[in-house]
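Thank you all for coming; I would like to walk through one model with you this morning. Please have the sequence and the coordinates open while I talk.

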Amino acid sequence: MNVALQMESRLRAAFAPDRLEIENESHRHAGHGGDDGSGESHFKITIRAAAFAPMSRVARHRAVHQALGDLNTRVHAIALDIG
C-alpha cells in the first residue's frame with residue numbers, strides 16, 4: 001500500500017474527519033534535500049474533524065503525528081492544515 005493510502009487509513013480511523021485531503025507534493029521537491037527518489041517523500045495533509053475542536057494547535061499537530069506513527073519517519077516532510 002502506498003504512503004498516501006496508509007496516511008488516509010490511519011487518519012480516518014483516528015479522527016473520522018469531515019474532510020481529508022492528502023496531496024503528494026514529492027514532484028515539487030525532486031532533486032532537493034529529502035527527495036529519496038521514491039516519489040513519496042513530501043505530503044500536504046488538510047484535515048477537518050470535530051475531534052480537534054477542544055485541542056490547541058500544537059495538540060492537533062501532535063495528535064496527527066501520533067496517528068501517523070512510523071509514517072513520520074518514512075517521509076521527509078508533512079505539511080499540515082488542521083481544523
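Let me begin with Asp70, which is partly exposed at a relative accessible area of 40%, where buried means under 20%, exposed over 50% and partly exposed in between, with a 1.4 Å probe and protein chains only. Before I go on, please keep in mind that this is a predicted model, in which local features need pLDDT of at least 70 and side-chain atom pairs count only at pLDDT 80 or more, while totals for chains, interfaces and linings use all residues. Residues are numbered from 1 along each chain as its sequence is written, and side-chain values use heavy atoms, with hydrogens and water left out.

Asp70 and Arg10 meet through their side chains in a salt bridge of 2.7 Å, N to O, the term meaning a side-chain nitrogen of Lys or Arg within 4 Å of a carboxyl oxygen of Asp or Glu. Because Asp70 lies in the loop between H2 and helix H3 (71-74) and Arg10 in helix H1, the pair ties together parts that are 60 residues apart in sequence. Arg10 is itself partly exposed, at 27% relative accessibility.

The structure holds 4 salt bridges, and another of them joins Arg12 to Glu8, with the closest N and O atoms 3.0 Å apart.

Turning to the fold, the protein has 3 helices and 3 strands, where helices (H or I, at least four residues) and strands (E, at least two) are DSSP runs numbered from the N terminus. The strands form an open sheet in the order S1-S2-S3 with mixed pairing, two strands being paired if DSSP finds at least two bridges between them. Strand S1 (19-24) and strand S3 (77-82) are the edge strands, each pairing on one side only. Strand S2, residues 42-48, pairs with S3 in the parallel sense over 6 bridges, and Lys44 stands opposite Ala79 in S3.
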